[in-house]
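Take a look at the sequence and the 3D structure shown next. Then follow the text from one region to another.

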Amino acid sequence: MEQETTKTAIMVKDLKKMYKLYNKPSDRFKEAFGLAKGRYKPHYALNGVSLEIFQGETVGIIGTNGSGKSTILKIITGVLSPTEGEVTVNGRISALLELGAGFNMEYNGIENVYLNGTMMGFSEKEIDEKLPEILKFADIGDYVYQPVKTYSSGMFVRLAFAVAINIEPEILIVDEALSVGDVFFQAKCYHKFEEFKQMGKTIVFVSHDLSSISKYCDRVYLLNQGNLLGEGSPKEMIDAFKRVLVGQYEIPEQKEEIVLPEDAVNPETLEYGTKQAEITEFYITDEKDIKTTAVIKGTSFSIHVKVHFNERIVAPIFAFSFKNIKGTEITGTNSMIEKAFLQPVEEGSIKEVVFTQNMSLQGGEYLLSLGVTGYVGSDFQVYHRLYDVLNVTVVSDKDTVGFYDMESVVEVREGTEKPRVVPYRQQA
């Protein structure tokens, strides 16, 4: 008797996605109207990537920022078109890619359920039957009758995920969106993953939570700078990913020149201040002094800031802070709090400030803000501030509850039976 052949759910072959990076908007305009050619630098978000995902597998895709993870998922789901290569999908796909994708912000929750269901090819009667289960899973109460533009990001992802998993997909694709929900909802979603696996459905997801990748995935693909570095067991690829982060992974020889992606600097950074002192350079290094925007949880890292003084400042204060993607301020400090620098700086001077600390934040994406401030008498002065200037990824294989890890040491000892203490009120 012939052994049953495992069927392919997704086949990606020699996939390339190239973007044209122009030095200035006028170059784009001139090329669009045929007035000039070749005034761009090609950037390959994907550079000849091939992968095969079989039916019933749970497959993770990991890599640093700019590695092409989200791009490949968007091409698989049809949101983006490839520059070159082939994609074959066998089965109904349900995708949870970005908050807002597929939702009309003016519609309420119920209306968006029907909108998404219709887009997936379901009739109104079929959606009617699925609605109670969707609303039960989302568990956002009467907010389903409010416009989704009024939702918090947590409520939004609850509804979006509830829709995605209850339209009977054969292939479920999730791109980091679960990191927005609270820990209890995430547990609920991962339990659903287990149910899907038992039902023989295919799951593909991108996450910086390496513990989830390790726990739920059968196989993992590792991308870096648009190139496929490897494929294998979760442990093998997570170990390789950690070597990539510290610059110790040998990248296979490429057929053509790799165009490195732009760094993680926010092009819409909020910048203001008197510029009496000005931040001219900033970057992060890991514990091996390698520049990076991805830090492994539990390791040491440093924030480097170079400041040029255009005037004499009596007592400058250097500061940094981290926000999560919801905009909540998580942590930060400054040189005055740390009693690290309380001196005047002369005009024309350049100071290099280095903040070094352990990374205790949970795995995920964070935004770094930097500042140089001070006091003139009792008046507070902002010389230069850069809000949300850098996207920093924390890579973790152990996430606890909340914003940061208290690094608890757990002991379980043999106990002795003690008499139960009865509250005074009950004694009376």
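Leucine 342 has a relative accessibility of 59%, so it counts as exposed. Leucine 342 sits in the loop between strand E15 (329-334) and strand E16 (350-358). Helices (H or I, at least four residues) and strands (E, at least two) are DSSP runs, numbered from the N terminus.

This is a predicted model, in which local features need pLDDT of at least 70 and side-chain atom pairs count only at pLDDT 80 or more, while totals for chains, interfaces and linings use all residues. Residues are numbered from 1 along each chain as its sequence is written, and side-chain values use heavy atoms, with hydrogens and water left out.

Leucine 342 belongs to a nonpolar surface patch. Patches are made of residues with over 30% relative accessible area and no salt bridge; like charges are joined within 9 Å, and nonpolar side chains (Val, Leu, Ile, Met, Phe, Trp, Tyr) within 5 Å. Accessible areas come from the Shrake-Rupley method with a 1.4 Å probe; for residues, only the protein chains shown count as cover.

Now turn to helix H5, residues 153-165. Is it enclosed by the rest of the structure, or open? Twelve of its 13 residues are buried, so H5 is largely enclosed. Among them are Phe156, Arg158, Phe161 and Ile165. The expected span of a helix is 1.5 Å times one less than its number of residues. For H5 that gives 18 Å, and its end C-alpha atoms are 18 Å apart, which agrees. At the start of H5, a side-chain oxygen of serine 152 comes within 3.2 Å of the backbone nitrogen of methionine 155.

Next comes a pair of strands. Strand E8 (residues 219-224) and strand E9 (residues 227-232) run antiparallel, joined by five bridges. Two strands pair if DSSP finds at least two bridges between them. Leucine 222 faces glycine 230 in E9. Two residues lie between the strands of this hairpin, where glutamine 225 has a positive phi near 55°.

Arginine 219 also lies in strand E8. With a relative accessible area of 13%, arginine 219 is buried. Which residue forms a salt bridge with arginine 219 at 2.7 Å? The partner is glutamate 57. A salt bridge is a side-chain nitrogen of Lys or Arg within 4 Å of a carboxyl oxygen of Asp or Glu. Glutamate 57 lies in the loop between strand E2 (40-54) and strand E3 (58-62), so the pair ties together parts that are 162 residues apart in sequence. Glutamate 57 is buried as well.

Arginine 219 meets glutamate 231 in a salt bridge too, at 3.1 Å from N to O. Here glutamate 231 in strand E9 and arginine 219 in strand E8 are twelve residues apart. Glutamate 231 has 40% relative accessibility, so it counts as partly exposed.

One more salt bridge joins lysine 297 and aspartate 405, with closest N and O atoms 3.1 Å apart. These two residues are 108 residues apart. Lysine 297 is buried at 15%, and aspartate 405 is buried at 8%. Shared partners join Glu57, Arg219 and Glu231 into one salt-bridge network.

Definitions and conventions:
Buried means under 20% relative accessible area, exposed over 50%, partly exposed in between (1.4 Å probe, protein chains only). A polar contact is a pair of N or O atoms within 3.5 Å; within protein, one must be able to donate a hydrogen and the other to accept it, and residues adjacent in sequence count only if both atoms are side-chain atoms.
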